[in-house]
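User: Hi! I'm new to protein structures. Could you help me learn how to read one?

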Amino acid sequence: MKETIRIIHITTHMGGGVGHAISDLVIHDTRNQHTIILLQKPEKSQYIDLCIKNNIRVFVEDSISEIKLLIAEADIVILHWWHHPIMCKFLYNFPEVFVRLVLWSHISGCTYPMISYQFANKFTRIFFTSKYSLDNSNWTEQERKNIYNKSNIIYGLGELSLMQQKSDYRLKNDKFKIGYVGTLAKSKLHPQFPISCQKILKVLPNAEFYLLGDIESGEWIRTEARELGILDKMHFEGFVDNVNEWLKKFDIFGYPLNPYHFATTENSILEAMSVGLPLVVLNQATEKYIVTHNEDGLLANGIENYVACVIQLAKSEQLRKLLGIHAIKNVYEKFSFKKNVQQFQSEVNKIVLLESSKINFRDILGDEPYNWFLSAVSEKDKSSLFKHQYHKLSPIFIEKTKSSIVHFARSYPENEMLQKHVNLL
């Protein structure tokens, strides 16, 4: 076995959680040599600068011929995937070269963007970022077994050990502060989130809601909160520099997500747990694999039960403290960054012994951007799309970004079918 394995990471960008996860991994895995290729000019350079500072090579490159030369140097190539339109174009033009190619999926793949069996099976090996990905209902049982045998869980997480922890669980100034950190778009948050806040306030008039994240994507919450007469209880803080300090100020972490959300590792949940913040999430998707009910958080069975769980926590300082203390212990055991790096190292040691092969994605993607988009759409959603029944689709399909049809249409303005759907929207 080679002592130092040359690994190339190909990603569309290094923003947000993906940037944090990639940079922390490549910096801490000093056993192997890492190179990063970005397919897009970065809007933010925080994590890129961190990599360069730690002597990690970073290239911004969209030339297939240049990327082919870089890949030729590598023992393993890792593709960081969430069905970004630019990544689709790269896969369509994937160089004809012998390679050990790893799919590292940073979304669940169970809803849109969906991971088809045919796509996943192209890769030498697969890294999922949640056990939930293996629940994919689009696969047959045999396909699930096949994918299970060529995959492992490598979380997309960064170092949590620097988080300062909460010690006081008493309410301050008779206020009950419910915090949320993350995307505020309807594709991520439960569509009944504003109504759930109103129901909480009917029982807990001292409740206050603090929303940290992109204010523009949360405009729908502001609109509905105004209509419900609760806007004065909603605090839109935007992006903040010190999330840790905000988490310590909150009394609980309320995180009711859209049942069709696409996320997996959920660093927001992990950060809240590492601070010792008691949390309420829905008993669904990846959340049920992160939180253990009544031990390190509460799993609510639906949005009505979410309201009940929040009220339960408001009334019990003892329960808030108990869940918070267990959350700290469990998150460092279940989601240890050090163990995650070791698991990654163990995986690449096995992969480097496997045969390399030439891989072509055109038979799966199709020959134009509209088909690229459809390659991650389930048969059920395709039916709604073809009939222009957009109301039956998850909100992610009409987001400005998030690999939506709007995102694809903006990336490929010359494509008539993409533009037709956007116009009908």
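**Reading a helix and its rings**

Analyst: Happy to! What covers the buried residues of α17 includes α16 (369-374), α18 (405-411) and α19 (416-424). Helices are DSSP runs of H or I, at least four residues, numbered from the N terminus; covering rests on contact, meaning heavy atoms within 4.5 Å. This is a predicted model, where local features need pLDDT of at least 70, side-chain atom pairs count only at pLDDT 80 or more, and totals for chains, interfaces and linings use all residues. Residues are numbered from 1 along each chain as its sequence is written, and side-chain values use heavy atoms, with hydrogens and water left out.

User: Which residues of α17 are buried?

Analyst: An α-helix has 3.6 residues a turn, so residues three or four places apart point the same way. In α17 (residues 379-386), the buried ones are D381, K382, S384 and L385. They share one side of α17 because they cover an arc of only 165° around the axis, taken from the directions from the helix axis to the C-beta atoms. On the other side, E379 and K380 are exposed. Buried means under 20% relative accessible area, exposed over 50%, and partly exposed in between (1.4 Å probe, protein chains only).

User: How are the rings of F90 and F94 paired?

Analyst: A pair of aromatic rings is described by the distance of the centres and the angle of the planes. Rings of Phe, Tyr and Trp (its six-membered ring) pair if their centres lie within 6.5 Å; planes under 30 degrees apart are stacked, over 60 edge-to-face, and the rest tilted. For F90 and F94, the centres are 5.6 Å apart and the planes at 75°, so the pair is edge-to-face.

How values were computed
Helix = DSSP H or I, 4+ residues; strand = E, 2+ residues; numbered from the N terminus.
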